[in-house]
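I opened my notebook to look up how the strands pair up. Here is the structure I worked from.

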Amino acid sequence: MDADRSVTGPHLARLLGSWRSSGPAYAALARALRLLILDGRLPLRTRVPGERDLAEALGVSRTTATAAYAALRDEGFLASRRGAGSWTRLPSDRVERKPELSRLSSQSRGGGVGGEVIDLTCAATWAPAGALHAALAAATAELPRHLPEPGYDTAGLPVLREAIAAHLTARGLPTVPEQVLVTAGAQHALALLLRVLAGPGDRVLTEHPSYPNALDAIRAVGARPVPVPMLEDGWDLDMVEATLRQAAPRMAYTIPDFQNPTGLTLRAEDRERLVALARTTRTPLVADETLAEVRLGGPAPPPPLAALDPGGETVVTVGSMSKAFWAGLRIGWVRASPTLVQRLAAARATVDLSSPVVEQLVATELLRDAAPVLERQRAAARARRDVLVAALREHLPGWRFAVPDGGLSLWVELDASRSSALAALADRHGVRVAAGPRFGVDGAFERFVRLPFALPEDVLEDAVPRLAAAWRAVTDGASAGPATPALVA
Ligand SMILES: Cc1ncc(COP(=O)(O)O)c(C=O)c1O
């Protein structure tokens, strides 16, 4: 097996931070490295520095580095080959993913508030009912104008392409309608991009953790996600650079605004470096802005990633109505160069030909007067976020998380690596969650769980004590079968 990239001694020393603890130094070092691998901060298939380089970077003896690597090799966290060095892996029992966990199941969605089980797997809000009805009424009035046309606009209804272009321009990304392709949501946009830009055997760089359905879409075209771990407070661009240069991915996928699931936002200076790296390595960079509009506070957001590449030669933007308006519309878009838009439209013709006209007209109406709806949706999400934060601090004080400035979920670090056990047991306690490994590759993120704050405050207040009871059962040693498969959005 080849490594996808390597880390240098100083880079690994930075990731390790203060790793020393009680007991022999080699055991403490092995423990710290194991945690980095399990949490996904040191990605799988990464070549680690030689023993001498590691010893030098950490200021320890070579014997310590050798013994730490030997322990990790024995436990199955490192593989080595003479002449090729050592690279990270997981013990084989963790590499096997249960296929049923990555399959989607609509039966398992539970009833949200209506049913017995509170469903915390979906980070999606309810529709802004009044605005949606008004937009639907306006769309119905507008419909007769479109009836003499065939209704097949593979790239999207011209009025909606114009409205999306105007919306992006107002957000600081000058856009013309020819750069816009209307899709059935961001997931469809991503699937089309993967179909056109990548293929079987190709590598696609992703953040780690990342949006599960994006990881599945990459696998669905026969490509392989090459994960680059997120740091606690942002992107590890040294690791991105090493991966772009050494793994030569066919495409890179990023969620720069309120990243799903970490909630982090790519800083302005990091945006410049990321785009420059993609440009010099000629890697198409797909920026998924699905959550960009769900801004709940904090400093003004940096300009959209594509503003650093206005022609769209390197950066392709994916957007959606789903998170700020309503996922049920199934309207999203791609913003790219006009040439790529044409290629995507041609690829789309083999799948679904075009999006429904009425929904496109509704989206057009909503985008024309987006500001008041967005304000209301943001205020509701902010209140829900604060309720979830307060309830977690009260009932589960050992769980750690940063309060995000946007998005619809918290990425929570548990006080034990038992996320899958929690997901499996939670149903019995009346709540459903998506386990951390759903957001990673090869079983990483057992120490994390994503908790959306999309449901109303009283439901969230009800959910957290149930979650605390499930966690008590897990830490008391209870176990269950695999978690019910769920659609994670
Ligand atoms: C980052 C990200 N991309 C894409 C999607 C899918 O969005 P859509 O409903 O527009 O297909 C989601 C939904 O959760 C998401 O969080």
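Predicted model: local features only at pLDDT ≥ 70, side-chain atom pairs only at ≥ 80, totals over all residues.

**Strand pairing, entry by entry**

Terms next. Strands (E, at least two residues) and helices (H or I, at least four) are DSSP runs, numbered from the N terminus. Two strands pair if DSSP finds at least two bridges between them.

Back to S4. Strand S3 (residues 78-81) pairs with S4 in the antiparallel sense, over four bridges. Three residues lie between the strands of this hairpin, and Gly-83 takes a positive phi near 90°. I then checked strand S2 (residues 46-48). S2 runs antiparallel to strand S4 (residues 85-88), and two bridges join them. Val-48 stands opposite Ser-86 in S4.

Next, the open sheet. Which order do its eight strands have? I read S6-S13-S12-S11-S10-S7-S8-S9, with mixed pairing. The edge strands, S6 (180-183) and S9 (234-235), each pair on one side only.

I picked one pair inside this order. Strand S10 (residues 251-254) and strand S11 (residues 285-288) are parallel, over three bridges. Ala-252 stands opposite Leu-285 in S11.

Last, a helix. H11 (residues 237-247) lies across S7 (203-208), S8 (224-231), S9 and S10. H11 runs at about 160° to S8. Axes are lines fitted to C-alpha atoms, for helices over the stretch in contact (C-beta atoms, placed from the backbone, within 7 Å), and angles run from 0 to 180 degrees between N-to-C directions.

Key: Residues numbered from 1 in each chain as written. Contact = placed C-beta atoms within 7 Å.
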